[in-house]
Amino acid sequence: MFTDIKEIRFALSALDESSIISITNEMGVITYVNQHFCEISKYTTDEVIGKSHSLLDSGYHNPAFIKQIWDTISQGKVWKGETKNRAKDGTEYWLNLTLVPFLNESGLSYQYVAFGTEITKRKVVELSLSQTVKDLRDIKNALDESSIVAITDDKGIITYVNDKFCKISKYKREELVGNTHRVINSGYHPRQFFKEMWGTIRQGRVWNGEVKNRAKDGSIYWMNTTIVPFLDDQGIPYQYVSIRTDITDRIKAEAALADALQSDFRRTVRNLQNCIFKIIKDSKGDITYTLCEGKIAEELNLTTEFIARKGSYEIFPAGIAEHLESHFQQAFEGEIVNFELAFSRKCFYITLSPVEENERIVEVVGSMIDITERKKAEETIHYMAHFDSLTNLPNRILFNNKLVQALLQAKTKGEKVGVLFIDLDRFKNINDTLGHSIGDVLLKVVAHRLSGCLHKNDCVSRQGGDEFVLFISNINTADEVGDFAKRIIHSMSEPISLGHLEVYITPSIGISIFPDDGEDIDMLMKNADAAMYLAKEKGKNNYQFFSEELYQSLATKLQLESELRKALDTKQFMLHYQPKVNIFNNQIIGMEALIRWEHPELGIVPPLNFIPLAEETGLIIPMGEWVLRTACQQAKEWQNAGHKQLSIAVNISLRQFMQNNLIDMITSVLTETGLSPEYLELEITESMALDVNSTIRVLNRVKSLGVNISIDDFGTGYSSLSYLSQFPIDRLKIDQSFVRNLNSRNQSIIKTIIDMAHNMNIAVTAEGVETQEHIDFLKEQNCSEVQGYFYSKPLTKKEADRLILRQIDFLSENGGRNSPN
């Protein structure tokens, strides 16, 4: 038995390289974690030691599950299972976990060792397949009622059989699953028969035929079998579903026909469930019926008394008659013929057997069975394998197959093919606000509108979520594709009525052209996807073509993203500080913290080049936390130096604002730095106010901490004044575009904002102040707080230190002129 923590660490060293390890004492307090634990949880060792595992609780597991774990290990037993945890940045992950209790000499647990491996990707796949599994389960239930079903993997190993399969084969399910179909091989068919069958389905094609099998008790039975291959994204079969119908009675009946030809044949076949018919050629060479009996014949009103001595064209519609006659001719040439026939809203399987006498075909005996239910099942399975269940559009597999054919034809004809990648703008907001059921309705409407824009040889597919892709063929110029994209945008511009609610949805469209932008599907799709992101960046609701410049831009963006991921770890970020000044006494009343990136090779990277990328990749979360912590530390340092009323303003991104742990993060930073909350101001943008209820809820929680809140760049967004009155806002920051261009209209806007804010007891800060004219105008409007180059540009820490130390002397001597660097 290990006696202390050091011995346990030594014993676990072999696992340390590959496993996530933690140790807790008997009270559940964490006493040790390894590096893998920290990497996946995003917490440092100091942040978790002394805490309980509730720090990682994702809220996924119910209390009974947690209690069961503790009951197990408290009894000295090992617990194994899967848990879902939440990392520090709010992301969730899954672990395959083993908890081992360590017992003292008295047999009591004194500490627990947990080790495990991450299984997040596997769980995501499992969850993403859950709906498909449900749909397939529904199909399985339908098939179980109508057909004999078996499923095998790509090696031919049986993975599923239904009850009807077990009943007819006389085998138990456990005797079949894990075995191959050789267990029911009757030895009747030659090896070539199965070789041709496997050759067909391994090419992804459906196989149909009749198979003679042997049951466990030695009895023989015949099956009409259809095998449907299921293909992966590369078009390779990964499993086969076989749907069978018992045709033993039909085969027995056919075997008995030879003996019954000279006897009362009609009475023999009249009571058969299926249909037996005979045809001959008369003296003119015309094919006529001489017999047709059986239950199916009675149902279709095709018994002998109605069709004897008649030809197909006298009985059936012209199309069906022509179909029958072509197969009858084959049979009279000595071939055994099998085919399917759709008639009277049903589907039938027909076998024609020539009867030969003296080397001459004297008649043909046909049998017909009803396969309507089986065909419905086959069609359902085919549909599930090739179409999106929500929108009924082709799925990725079918779309790719159609696009391959379109590219081959275009190459042959010297034409072009346009591939359009479409993403719906702000669809997530609609989904989150109105609910997924409304989101599903919108997706159906979009699918319908896109389908309405297509021509005969075009195709549209839903790739997943709110992403659609389509191609148009038979084009000669890129302009034709551009016109098509305009038609899609126009089609989408009409509002979507949902009862009393009207919703607008717009598309961002990326376009690639075959063969200019790629000669295979992967390249065309990738390039169209890249162009779609450019359309997003251009303001959404537009289309963009892929180009070489875009390719270079993407390459640069990827490189910049790679460098951005390293920047935080290698401390390449710094903060600059821009003073906020009271223009009536020329006093610095606060600083706004602005992040800057000083790359060792690229030099200073402008914020506009990396902030949107950080938002897109999620790096804004750790970056924003670093900014908040560093800014608060600096503000506290200035206060300790004697500037006790100096406040600090920090911008909060939309991604940060939506984080579940935002309040905890702010609280933690204020506690660590010792900065009083009233000296911290968080700046949000108007765009964050789109989801009003959620915004109010988060802002009230921030406000409860004692932190001040301001709306940055006010006047350029979409805020409703009625909503603004509900927000717990302390300050509005007038966007610099109004101040810099101080024309009569902008003056009116500024006056209105200042009056409105003062009436609502909200402070106002004017940004972009650069001239004495700006100062004079703002003084007239009683706007006391400003920022801008008239007083100072954003400063490094050292420059800001110097300015703060001599602010009174400097500002009074210079009357508020541009501060030194």
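Is N761 buried or exposed? I looked it up, and N761 counts as exposed because its relative accessibility is 72%. My cut-offs are under 20% relative accessible area for buried and over 50% for exposed, with partly exposed in between (1.4 Å probe, protein chains only).

**Ground rules**

I am working from a predicted model, where local features need pLDDT of at least 70 and side-chain atom pairs count only at pLDDT 80 or more, while totals for chains, interfaces and linings use all residues. Residues are numbered from 1 along each chain as its sequence is written, and side-chain values use heavy atoms, with hydrogens and water left out.

I kept going with N761 and checked its backbone. Its phi is near 60°, a positive value in a residue other than glycine. N761 sits in the loop between helix 30 (744-759) and strand 30 (763-766).

I found S344 in the loop between strand 13 and strand 14 (346-357). S344 counts as partly exposed because its relative accessibility is 45%.

Then I looked at the peptide bond from F514 to P515, which is cis, with omega near 0°. P515 belongs to the loop between strand 21 (507-514) and helix 21. I noted these spots because most residues other than glycine have a negative phi, and most peptide bonds are trans.

**Helix 21**

Next I checked the length of helix 21 (residues 521-537). Its 17 residues should span 24 Å at 1.5 Å a residue, and the end C-alpha atoms are 25 Å apart, so the two agree. The expected span is 1.5 Å times one less than the number of residues.

What caps the N-terminal end of helix 21? D520 does, with a side-chain oxygen 3.2 Å from the backbone nitrogen of D522. After the helix comes G539, with a positive phi near 110°. I also listed buried residues of helix 21, among them I521, L524, M525, N527 and K536.

**E561**

I found E561 in helix 22 (residues 548-567). E561 counts as buried because its relative accessibility is 18%. Its side chain makes a polar contact of 3.0 Å with the side chain of R565. For a polar contact I need a pair of N or O atoms within 3.5 Å; within protein, one must be able to donate a hydrogen and the other to accept it, and residues adjacent in sequence count only if both atoms are side-chain atoms.

Which residues does E561 touch, leaving aside neighbours within four places in sequence? They are L613 and T617, with contact meaning heavy atoms within 4.5 Å.

**Second largest pocket**

I put the space in the second largest pocket at about 1,400 Å³. Its lining has 40 residues, and K88, D89, I621, P622 and E625 lie nearest its centre. Helix 24 gives the most to this lining, with eight residues. By class I get 14 nonpolar, 12 polar and 14 charged residues. Here Ala, Val, Leu, Ile, Met, Phe, Trp, Tyr, Cys and Pro count as nonpolar, Asp, Glu, Lys and Arg as charged, and the others, Gly among them, as polar.

The grid is 1 Å over the protein atoms alone: a cavity is a set of points where a 1.4 Å probe fits but cannot get out, a pocket is an open set with protein on both sides within 12 Å along at least five of seven lines, and lining residues have an atom within 4 Å of a point. Points are joined across faces, edges and corners, and a volume is the space filled by probe spheres set on them.

**Cavities**

How many cavities of 30 Å³ or more are there? The count comes to three.

Among the residues lining it are I652, F657, L662 and I666. Its lining has nine nonpolar, no polar and no charged residues.

Note on methods:
Helices (H or I, at least four residues) and strands (E, at least two) are DSSP runs, numbered from the N terminus.
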